[in-house]
Each structure stands twice: as structure tokens, then as C-alpha cells.
Amino acid sequence: MIRYLFTFVLVGLFYQVQCQEHTQKIYGMVEDIKTGEPVAFASVGIQDEPFSTVTNLDGEFSFIIPSTSGVDSITISSIGYELKKIAITEFSDDVILPIKLTLSETVLEAVTVLDSLSGKEIMALAAEKMTDNHPSEPTSMNVFYRERQLLDGAYVSLVEAALTVYDQYNIKKRKSPLRTKVKVEELRRSLVYKHPFNSWWQQDNLMMRSWHLNPIPYDARLMEKSAVNGEFKRVSMTTVLGQKTYIIESDNDDFWKTTYYVQAGSYAIVRVEESFDETVHGPKHWKLQGDSLQLDVHFKKRSVIVDFKEINNKYYPTFMQLSGSHNYYHEGKFLAQFGIMQDFIINDINWKNPTVVLRNEATRIGKSLLSKDYPYNEEFWKNYNVLQETPLEKDLVKDLEKKVSLNQQFANQESKKK
């Protein structure tokens, strides 16, 4: 028995070593071939596979690939650019490979004469084919989440989490986004720098509120109604994931400007953008009551981006980003500007045998991610899935490491609750 156990341990250690050796971490920096400017939030992934990540604000990305997976290349794409395919052999260990993207010629306005469909007709076709193009079966997703909060332009907190998202994805019968269950598998966070508005922004689960802004499937029925009664303007065409794509703007939004990217031919929605800018859309104010202070909140900007990718003949979300800012006033006096940035990177999708998140496992919309202690699992974050999260912005690291390194902050993230 002892000999058997000893052999079993040796085999286990050998397997672990082999797994570590049979991975390759690649680094890249994506730039415009003409201007040399970084291409932020470009999609980096494996063609026809759910694994993907995005570049950061500096155009950088890192990606872990098991050599046993049979993957020989990755793809890089961004709106308006030609799809780029890079062989894995072009990457060297610990060396950042510069990758140049070329603007697509299909952006030319001459392309718009190819057909005479109006914006409303295109959106009507997109709504009609929604159940064909987008998932309608239960699905689970492994998601990387990053949240950054800013005060007067400086970063004051960072939260990162590995999530399991379970969605029944029944577009026709969907009644509420709350039916989606999200489980926090692992979480790490920085110190939360104290500021006067901590209590307001640590009450709600900002991650859950942002996830529900995904228009497919959460607003699918509203989109169908809007396609019939709304007004849509066809702006132009561009390239998304190497395919010709219509750009459609909604003209009848009361508050947001919504832009849909609809693939020509399939009429699948491959990207949705929602934006608000006070200088364009006019002022938007509301009041916020605290324990001892009432604030006037002036909405400045907000942006929501959701990207979709074709996998198994269906278009699943692969990246979602929300950013926003607003100003706080008290009795007409400016106090501070609050900002938030949130990224969701969907790096694995399972529709064959989805992982079900039970109700008692799911995080609650009324519970902040900062309201519960999560032990820091350093080994998990070193080898997170087959991906490495998109690199942190340099300004964020500079702001948050004024006193102590982020690794030390992660290691001491549990509070001393009694």
C-alpha cells in the first residue's frame, strides 16, 4: 500500500510538472500599422474557440496556451481593421511581439451602395433572426471581472474576480435578468482608499448591475418591439471579426445613444454600444441621500460596450465593458468626481454540459463584492484558467502602490471582522 501511494504521488507530481511545462505564455502589443498608436480593447483569441482576452489601454495583452491543445495560431481583431492571424511560433518567451493591424478597405462609403436596406429593415431582420443567431439553450461561462474606481481622476480601488455565470438563455420566455446566477469562484482586491463616498459605492453589487446591461438576452424582447416601432439610422459599414457589418444608430432613445453592429448576410448582432455624454445629450441630475448628507449627482458620461463572437454557429458575448463618471455637489458646491471602469472577459463557454450555479451559491445584487471576505488564492491567480488577464494600466498600478505593492494588498485583503 505504501509503495502504491508513493507511486501515485510521484505520478501526480510528474503530471503537475508536465502540465506546467506544456504551457506557453505569449505577450503582444497591438498597434495601428500607419500611426503606430496602440489599439485598445482589440479581441485576442483562438478562432472558433471560446477562449479570448482583450488588449489593455496600451494595446498590450498576455495569453497562456497549453501546448497540448493543438493550437497553432491566434487571431486579433478590432472594429474597422482586417482580421490578423499570428502563428504561435512567432512568439518568444517573455518577449512582447509588436503586432500591426491594417485598416479594412470595406470601411469605404462605396460599400453602402451594395444594397438599399434601411436601418429599420436591418434591425427588423436582426430581431427576426435573433433566436437563430444567439443562444437559446442553458449555458455556463467562465468570466474574468475587473473593477476600478477613481476619485478626481486617481485610482482608489481595484477588484478582480473569477466568475462562473449560469444563464438559461431562453430569449423568448425571459422575464428578468435576475434569473442569471453568478458565483464568485475567486476574488482579489486592493486596499480601498478611504474617501467620503465609500459607503454609497460599497452597498450594491456593481458587478451584477453592469452584467445585466447586456442587451442580449436581457433586452431582447424590447429590441424586437423597438425594431417594429422605433427609428433606426443606417450610418455606414465597417469590419468586425473580418466580416462586413452594418452600423445602425437608434434615433429614438430618450437618454442613451445606442449603436448596433449587425453582420451583413446573417444579421447577427456582433456588437452593441450605449453612450451618454452630458455635453451632447443635456444634463441629467438626481439626488443621493446618505446618513447625514444629501448630494446632488450630475451625470457626466457613461459608455457600455458588448462584443459577441460566433462559436458553434451562435453568437455569444465575449467582452463587456462599462465606464462612467459623475460629479458630486452639495448645496451647489462641487465636492468631487467619481469614476468607475468595469471589464468582463468571457474566456470559456459551455453549452454542452453547463455548470449550474445554485441559488445559495450565487452572489446577490444587493451585496457588494467588498462586503464579504474572500481568501486570497495566490496559486490560482498565477495559473488562472488557460488565460492570463489583460495587463493592468500603468497609471492604476502607480496610484494604488503608493504605500505597498498590489501583491501585498491582495495577500492581506481579508478584513479583521469579529
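Before we start, one term: two residues are in contact when they have heavy atoms within 4.5 Å. Keep in mind, too, that this is a predicted model.

Begin with the whole chain on screen. Take the contacts with a separation of 6 or more: 66% of them are between residues 24 or more positions apart. Switch to a cartoon view and you can go looking for eleven helices and 18 strands. Of the 418 residues, 48% are buried.

Now select residues 232–240. This is strand β11, and seven of its nine residues are buried. Which residue in β12 is the bridge partner of Lys233? Click on Glu249 and you've found it. Then zoom in on the turn: β11 and β12 make a hairpin with two residues between them, and Leu241 in that turn has a positive phi of about 55 degrees.

Next, head inside. The largest nonpolar core has 54 residues, and those touching the most other members are Met141, Val143, Leu163, Met207, Ile248 and Val262. Color residues 294–311 as well: this is strand β16, which gives the most to this core, with six residues. Center on Met141 and show its neighbors, including Leu163, Tyr169, Trp211, Pro317 and Ile349.

Last stop: select Met341, Leu400, Leu406 and Phe410. They are among the 20 residues of another core, which lies apart from the largest one.

Key:
Residues are numbered from 1 along each chain as its sequence is written. This is a predicted model: local features need pLDDT of at least 70, side-chain atom pairs count only at pLDDT 80 or more; totals for chains, interfaces and linings use all residues. Side-chain values use heavy atoms; hydrogens and water are left out. Buried means under 20% relative accessible area, exposed over 50%, partly exposed in between (1.4 Å probe, protein chains only). Helices (H or I, at least four residues) and strands (E, at least two) are DSSP runs, numbered from the N terminus. Two strands pair if DSSP finds at least two bridges between them. A nonpolar core is a set of buried Ala, Val, Leu, Ile, Met, Phe, Trp, Tyr and Cys residues joined through side-chain atoms within 4.5 Å. Lists of a residue's contacts leave out its neighbours within four places in sequence.
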